[in-house]
Amino acid sequence: MEKPARKPVLIVCAVLVLLAAAFLLFGRDSTPGDSSPEAGFARDMATHHAQAVEMAFVIRDKGPAKEIRNLAFDIITTQSNQRGMFQGWLQQWGLDQATDQRPMAWMAGHGHGATPAAPGTAPGAMPGMASPQELAKLKELQGVQAEVLFLQLMIRHHEGGVEMAEGLLKLSTRDEVAGMAQKIVQGQSGEIRLMTDLLKQRGAQPYPSILAS
């Protein structure tokens, strides 16, 4: 007499197990949408990193001091790898690598815009980006002058990266994206301190910080 009574209980248990599995697979961590903070961060940071890598190649090819050359190598390696991860996420999420949304749209209403853009950059550009004029000057200079400008531009560029990463951390708890943002904050903050010391050794100072005090 007890066996028939167990069937509904077993069926209910099986349904609950399936629902729990479906939640773990689909409900807990849904794929970011095209206008999500995660997608915007991945796209913008990929572009931001690309310029850092470009500047690092420029100074590396000028035969700088060993400490500058090592720094340039670290930036090229780390940011190229991270850029590949950003692009991989977008592909995994089924999203386009580029969009017609303006840069930093994903941070709209969350404090972006208070920090000044570099001279010659368009309004709404990503924070810390070097202007075309600054990049041209970096390519022209040689020796210590080139090292100083590189460090000044890269400190400001890193500050922009930190601002973007901290902005993402306020908007997303998605594990892989938030984890990468935290690495960027820690890693680039450390490099800012290193580059500030390298500037002092050359009798120079960073540009005024774009980060909120």
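User: Are F41 and W106 buried or exposed?

Analyst: F41 and W106 are both buried, a term for under 20% relative accessible area, with exposed over 50% and partly exposed in between (1.4 Å probe, protein chains only). The model is predicted, with local features needing pLDDT of at least 70 and side-chain atom pairs pLDDT 80 or more, while totals for chains, interfaces and linings use all residues. Residues are numbered from 1 along each chain, and side-chain values use heavy atoms, without hydrogens or water.

User: Why is the aromatic pair of F41 and W106 called edge-to-face?

Analyst: Rings of Phe, Tyr and Trp (its six-membered ring) pair if their centres lie within 6.5 Å, and planes under 30 degrees apart count as stacked, over 60 as edge-to-face and the rest as tilted. The centres of F41 and W106 are 5.8 Å apart with 85° between the planes, so the pair is edge-to-face.

User: What makes this pair tie together separate parts of the sequence?

Analyst: F41 lies in helix α2 (residues 37-60) and W106 in the loop between α3 (66-92) and α4 (132-140), so the pair joins parts 65 residues apart in sequence. Helices are DSSP runs (H or I, at least four residues), numbered from the N terminus.

User: How do you know that α2 is largely enclosed?

Analyst: Of its 24 residues, 18 are buried, so the rest of the structure largely encloses α2.

User: What makes the span of α2 agree with expectation?

Analyst: The expected span is 1.5 Å times one less than the number of residues. For the 24 residues of α2 this gives 34 Å, and the end C-alpha atoms are 34 Å apart, which agrees.

Conventions
Helix = DSSP H or I, 4+ residues; strand = E, 2+ residues; numbered from the N terminus.
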